[in-house]
Amino acid sequence: MSNRTTASVSTHILDTSIGRPATGVAVRLAARARRDADWQALGGSATDADGRCKDLPALPEGTTHVRLDFAVEAYFERSDKKQADAQQDAPANRDSGARGAFFPEVTVTFAVAPGEHYHVPLLLTPFGYSVYRGS
């Protein structure tokens, strides 16, 4: 553990339906000092060409819980047609014609400890997602 008194957070998103980073996804960051405290909005960012948010705001001292809100619906609306045409068996081509994301937003909440860094990757498809603590 380092001598820092706050935790830090980073994230990236991989669109596993196409095997590429998800570019331009808005990510909002919030924190709270106890599990029963109100959330404090800290700001946000958007994923770059590598699917990473490199400029998320710093966490305030005393943060115990963090929330990342990923606005994935707009990403899938922008890229759905291009992705479906590129994949012969894409769900948009073989299903009922419904497009977009089944989960329009993904919210990930996790506990943090002072001095630790938390990298939280999001693995994303139009119909599901997975998150984990990365390194």
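This is a predicted model: local features need pLDDT of at least 70, side-chain atom pairs count only at pLDDT 80 or more; totals for chains, interfaces and linings use all residues.
1. The core. The largest nonpolar core contains 26 residues, and Leu-68, Phe-70, Val-72 and Phe-110 have the most contacts inside it. At least two residues each come from strand E1 (8–15), strand E3 (26–32), strand E6 (65–71), helix H1 (72–86), strand E7 (105–111) and strand E8. E8 gives the largest share of this core, 4 residues.

2. Val-72. Beyond its neighbours within four places in sequence, Val-72 contacts Val-25, Phe-103, Pro-104, Glu-105, Val-106, Leu-122 and Leu-124. One of these partners, Phe-103, also belongs to the surface patch described next.

3. The surface patch. Phe-102, Phe-103, Phe-127, Tyr-129 and Val-131 make up a nonpolar patch on the surface, and their accessible area together is about 470 Å². Phe-103 sits in the loop between helix H2 (91–94) and E7. Its relative accessible area is 31%, so Phe-103 is partly exposed.

4. Phe-127. This patch member lies in the loop that runs between strand E8 (117–125) and strand E9 (128–131). Phe-127 counts as partly exposed because its relative accessibility is 44%.

5. Ser-45. This residue is in strand E4 (residues 40–46). Ser-45 has a relative accessibility of 14% and therefore counts as buried. Its side chain makes a polar contact with the side chain of Asp-55, at 2.3 Å. Leaving out residues up to four places away in sequence, Ser-45 touches Val-25, Ala-26, Val-27, Cys-53, Asp-55 and Leu-56.

6. Thr-47. The loop between E4 and strand E5 (52–53) holds Thr-47. Thr-47 is buried because its relative accessible area is 5%, and the cut-off for buried is under 20%. A polar atom of the Thr-47 side chain lies 2.8 Å from the backbone nitrogen of Val-25. With residues up to four places away in sequence set aside, Thr-47 touches Ile-13, Ala-22, Thr-23, Gly-24, Val-25, Val-27, Arg-52 and Cys-53.

7. Shared partners. Val-25, Val-27 and Cys-53 are among the residues touched by both Ser-45 and Thr-47.

Note on methods:
Residues are numbered from 1 along each chain as its sequence is written. Side-chain values use heavy atoms; hydrogens and water are left out. Buried means under 20% relative accessible area, exposed over 50%, partly exposed in between (1.4 Å probe, protein chains only). A nonpolar core is a set of buried Ala, Val, Leu, Ile, Met, Phe, Trp, Tyr and Cys residues joined through side-chain atoms within 4.5 Å. Contact means heavy atoms within 4.5 Å. Patches are made of residues with over 30% relative accessible area and no salt bridge: like charges are joined within 9 Å, nonpolar side chains (Val, Leu, Ile, Met, Phe, Trp, Tyr) within 5 Å. Accessible areas come from the Shrake-Rupley method with a 1.4 Å probe; for residues, only the protein chains shown count as cover. A salt bridge is a side-chain nitrogen of Lys or Arg within 4 Å of a carboxyl oxygen of Asp or Glu. A polar contact is a pair of N or O atoms within 3.5 Å; within protein, one must be able to donate a hydrogen and the other to accept it, and residues adjacent in sequence count only if both atoms are side-chain atoms.
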